Protein chains: 4
Amino acid sequence: MMVMAELLDYSGHLSARIAPDRFLIPTRDASRAGITADDILIVDLDGKVLEGNRPCPTETQIHAGVYRARPDVKVVGHGHPPMSVLFTMVDRPMIAIRNFGYRFIGTPVHPDPTHIRTREQGDAVARTLGQCSCCLLRGHGSVIAANSVAEVFLDSLEMEENARSAVHAASLGPLKPITPGEAEQLKASYAKNDYRAVKIWEHYQEKARLAGLL
Amino acid sequence: MMVMAELLDYSGHLSARIAPDRFLIPTRDASRAGITADDILIVDLDGKVLEGNRPCPTETQIHAGVYRARPDVKVVGHGHPPMSVLFTMVDRPMIAIRNFGYRFIGTPVHPDPTHIRTREQGDAVARTLGQCSCCLLRGHGSVIAANSVAEVFLDSLEMEENARSAVHAASLGPLKPITPGEAEQLKASYAKNDYRAVKIWEHYQEKARLAGLL
Amino acid sequence: MMVMAELLDYSGHLSARIAPDRFLIPTRDASRAGITADDILIVDLDGKVLEGNRPCPTETQIHAGVYRARPDVKVVGHGHPPMSVLFTMVDRPMIAIRNFGYRFIGTPVHPDPTHIRTREQGDAVARTLGQCSCCLLRGHGSVIAANSVAEVFLDSLEMEENARSAVHAASLGPLKPITPGEAEQLKASYAKNDYRAVKIWEHYQEKARLAGLL
Amino acid sequence: MMVMAELLDYSGHLSARIAPDRFLIPTRDASRAGITADDILIVDLDGKVLEGNRPCPTETQIHAGVYRARPDVKVVGHGHPPMSVLFTMVDRPMIAIRNFGYRFIGTPVHPDPTHIRTREQGDAVARTLGQCSCCLLRGHGSVIAANSVAEVFLDSLEMEENARSAVHAASLGPLKPITPGEAEQLKASYAKNDYRAVKIWEHYQEKARLAGLL
């Protein structure tokens, strides 16, 4: 659980499916900087707490909604990445300004800026997500659906870094973002690098160790 | 008193009303990084020091002015948030680019850029503030009036974060800020989350503890 | 000497006049992060090393030139503040976007972008500086002439912070910088706060102490 | 090897030629934060590992390609500097906004945004580099060819810092970058400062020591 702390601090709340019909999620009030096993709840796909007697996060339905709609998804992350979320507040879709950003081109934007509290709102988020691995919530944050914690971490970092580059590049003048043809080439090139999520995860663990956090 | 230190370092000076006609405020020369009980004065609503024999801050009248005009206010914070203050120097009012920013839309701007030294200047700041919880001072800083230290802290953080997002988003092109209709929805949605100020306060305390500051 | 280290690390090299015709300056190769008394030279107004047997900084003539032209100056700082220096590379003079920035409005820009090596170059810098307390060197850095180390430190910090605000504000649209009339009011208002340089100096010392540097 | 760690963490991967036909490079999976002698491979100019039994980096051909084409090059660095790389995604060549940036004016851009895996791709990178000391890879990163680790470090830092300044300056309005005539003057002026790479290297070592990393 301790290794999750670093990520949770980064990306809001993270959940992990442990059976087809239930998942782990931290309690609403657990500080992201000092989470322990006692702060983790077991929740079903309706968003009902099965184990643990403290409240679940206000937005548990983001997670439940995605798990209901996407049996393939094992881990869901919801965060408030400040650069990525800007692409929900301007009149242009997400572009790729870094090569690794090819997979975030045109990330869908969910129009509801409020907290996702109800089952209906959770279902609506899942519809916006569709078969993608990421979507953005207007003025609010991101939802990332993946197979592992390491993948959610990698997607969070790279989506944000790509968005930061787009903001900076836009100051410089007319942009020449990654084209659809280049995106195809990059997809093929990155497909050969399936070790990346684990490598970056280990690099951040090493940094956390040097900083005395692990 | 120690828990105040972290906030004071962040937001300039903070005062707390302890009776209808008096409030606590740190001395002018106390380093925000190492404040102790000896550095705290008791001041009346005219800005006169009742207890403590060192000078009060130059701008004590910001606090006194707000307490005179607003009997409902328990805590006043004055700081120099670098991003928020930009909205006093451009030809556009504050907008909301993050969902939590809905409550800062159109934050009033006080036109006097100098130090607020006199009773008259303090009254003028209070008139600009009106019934709002925040106003900005031209080229200078912010004034936040609230019920608790945790609320001032939350407002300071979120006003600044919203302003930072607005600056970055403006590089990307025409903006689509939170609309009045969305602001109404967000007001209703956030009203259900009254635990937020305390939660964020505890999160920052946990971070400070990990950093060895508390 | 130790207290100088923090400032030197921040602002390139700093010199201090110890007699009408001589000043202290660190050696060219002393790491700014670990300077000791052995790293300090005594230099005359021609830039000739009188005491110490290691080379003086390449740009010692910046200091010598200012001391020759301005008998009133006791301390000279030369640094490479990244935001301030932008105002030498765009077609607009320095403006004030923060209230404390009023004293940097129209800071003169020296046109020579190369190292200031010769007596003639040092004299030219001093002519650009004139009776001001600061000037900028094109694409290069700043020169600050003051009465004390604390004043140079304050000017360095505030010039840079004002420039940073100008860069950020410019993204938001047409600017309404501090007007000449407001600058007059601010000059009068700040004149009453002559404790500021010492207060900020002490605050940074406190921070350095907490960080274990002093 | 330990002193290399800091640089590798900064700039992706770095290699060093140890004979006309072979060079050192870290393994693909070594964390940049904790590299040891066991993580270093010996590779020939075809990119074949001669000593060490773990995989070499995916992009070893960047290094091999440059060493094949440029017998004068002793050290090659490949990194992903976020500001510098923006100049591959906009319709303008690299300019100099800081005086030290004169040597990056018009840095060539390699058009292939994918990983450089094959011998042919490595040769193509070397052709883009030509006789320069730096080139950029579209949406991807930088390649720096130099005589020493300290030079690669200096070029990485200064290219990035110049690019950051260009991004910030572009917000302020029409730019007046370093002109070709000024670049000539700067080239002459910097030629007299051949101690710079070593001085900056030592400064960063001192900082690393203070931070407890060395």
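Start between chain B and chain A, where the count is 1 salt bridge (a side-chain nitrogen of Lys or Arg within 4 Å of a carboxyl oxygen of Asp or Glu). To see it, select Arg138(A) and Glu182(B): their closest N and O atoms are 2.7 Å apart. A word on what you're looking at: this is a predicted model, where local features need pLDDT of at least 70, side-chain atom pairs count only at pLDDT 80 or more, and totals for chains, interfaces and linings use all residues. Residues are numbered from 1 along each chain as its sequence is written, chains are lettered from A and ligands numbered from 1 in the order in which they are written, and side-chain values use heavy atoms, with hydrogens and water left out.

Stay at this interface. Between chain B and chain A there are also 11 residue pairs in polar contact, both residues at pLDDT 80 or more (a pair of N or O atoms within 3.5 Å; within protein, one must be able to donate a hydrogen and the other to accept it, and residues adjacent in sequence count only if both atoms are side-chain atoms).

Now show the whole contact (heavy atoms within 4.5 Å): it takes 30 residues from chain B and 31 from chain A. About 2600 Å² is buried between the two chains, with carbon and sulfur atoms giving 55%; buried area is the accessible area (1.4 Å probe) that two parts lose on being put together, summed over both. Click Arg98(B), Leu172(B) and Lys176(B), which supply 26% of the area that chain B buries against chain A, more than any other three residues.

Next, chains C and D. A rotation of 90° with 0.0 Å of shift along its axis superposes chain D on chain C (RMSD 0.0 Å), by least squares on the C-alpha atoms of residues with pLDDT of at least 70 in both. That is the relation of a four-fold axis. Find Ser171(D): of the residues of chain D, its C-alpha comes closest to the rotation axis, at 4.1 Å. Only 3% of the interface residues of chain D are also interface residues in chain C, so the copies meet through different surfaces.

Hide everything but chain D. Its 8 strands form an open sheet with mixed pairing, in the order S4-S3-S2-S1-S5-S8-S7-S6; two strands pair if DSSP finds at least two bridges between them. Strands of a sheet pair through backbone hydrogen bonds, either parallel or antiparallel. Strand S4 (49-51) and strand S6 (109-110) of chain D are the edges, each pairing on one side only. Zoom in on S7 (134-137) and S8 (141-146) of chain D, an antiparallel pair with 4 bridges.

Last stop: chain C. Select S1 (13-19) and S5 (75-79), which run antiparallel and are joined by 4 bridges. Ala16(C) has Val75(C) as its bridge partner in S5(C).

Notes
Helices (H or I, at least four residues) and strands (E, at least two) are DSSP runs, numbered from the N terminus.
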